[in-house]
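Me: I am new to this structure and would like a close look at a single part of it. Could you take me carefully through its open sheet and how the strands there pair?

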Amino acid sequence: MSSSNMSNKLDLTPAACPVCSTSVSAGFSVEGVGTFHQCGKCGFIFVPETKSEDANLYDEKFGSTNIHPTYRKTANGYMIKNEEKLKALLKRFQPWHKTGRILDVGCSAAFFMHLAQKNGWQADGVEIAPWAAEFSNKELGVRVFCGMLEQAAFPDNTFDVAFSSHVLEHIADPKTLLLEMKRVLRPGGLHVSVVPTQFVSPSWRLQKRFIGDPPPKHVSFFDKSSFTRLVEDVGLEVVSIEYNVELTRLYELTLDREAMKKRWQDKLAVAQQASPARPQRLPGWAKAFAKSGVNFVGNALGAGDELLCLAVKK
Ligand SMILES: [Zn+2]
C-alpha cells in the first residue's frame, strides 16, 4: 500500500473476463501495486492466471498482522471485534432461519460463526489456512473444514444461509465458487457476500490511493454492476446490494502522504503488538448517524469501500 499511486493505461494480452466471458485486452497498471485487466462490457477488474488460493498467503502471520474485520489480537489471544455490527447482520438473516444451518466460506478464525451459534444457528465454516481452521475447531467450538468449499462436499440444499466476507476478491474464478455456494444453499435460502471495492472507493476515486491488499492476494475487483451481473448469472436473485463507506477511510482523505504512511505503520504496529483496542473518538450514536449519511451519499454516487449483497436462491 502506498499513499498515492500513478495509474497508466495498457494494452495487454487478451484474457477472458471471469464475470461475462468477454475477451479483454485493455487494462492499466498502478505503480507499486500491479497490472489489472478491465472488462469494457461489465466493468469487472481482474488479474488473470494468478495463483491466489494459496494457503501459504494466509498463514498465522497474515491473521495476526492484517487488520481483520471480525477479530483482533490482544495480549489474551484473539478476540471478536465489531460484535454489534455482526449481531445486526445476523438479525437480517433471521427471516431465512428454517433448519437453522449457516455456512461461512473463508471464515478465518470463525468468530462470526461462533456468534451465530450463540444466536440459535448451527454453524459450519470452510477455511484454507490450517491455523485458523484449527483455532476455530479447538478454541471456538465451531466446526470448520480445512480446504476449499468444493472439497468439503456438502450435500445439495443444506444451508439456510451461505455467507462469505472478504473472500471472493481473493478468487480468480469467483463464478465457480458462487455456483458451489448456491448448490449447498436450500431453495429460497439466502446468499450473503461482502466484498471490498477498492477501485470505486472514495480513496481511489478522489486521490488514486490503493488501500488494502494488492495482487496476488486480491485478484478480483467488483463494483455494484459487475457483482450484480455475477450473482444473477449464477441464478441468484438480488434482494439488496449496497455500498458501505468506511468513516476511517474518509478521515484518511485529509492526510498527506507522510501522515498516511505513519498512520498505517502505527496500525500494523498495534496489530503486531497485541495492544488493547484504541478508544473510540465518536460516541456510538454519532458514529451511526454519520455512517448512515455517508452511506446514503456513497450509494447515490456509486462509491464505497465494500459491497454487501443479499441474494436468494430461486
Ligand atoms: Zn466482463
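Reply: Two strands pair if DSSP finds at least two bridges between them, and the strands themselves (E, at least two residues), like the helices (H or I, at least four), are DSSP runs numbered from the N terminus. This is a predicted model, in which local features need pLDDT of at least 70, side-chain atom pairs count only at pLDDT 80 or more, and totals for chains, interfaces and linings use all residues. Residues are numbered from 1 along each chain as its sequence is written, and side-chain values use heavy atoms, with hydrogens and water left out.

The open sheet has 7 strands in the order 9-8-7-10-11-14-13, and its pairing is mixed. Its edges are strand 9 (143-146) and strand 13 (236-244), each of which pairs on one side only.

Strand 7 (residues 101-105) is largely enclosed by the rest of the structure, because 4 of its 5 residues are buried, that is, under 20% relative accessible area with a 1.4 Å probe and protein chains only. Strand 7 pairs with strand 8 (residues 122-127) in the parallel sense over 5 bridges, and is also joined by 3 bridges to strand 10 (residues 159-165), again running parallel. Ile102 has a bridge partner in each of these neighbours: Ala123 in strand 8 and Val161 in strand 10.

Notes
Buried < 20%, exposed > 50% of the residue type's maximum accessible area, 1.4 Å probe, protein only.
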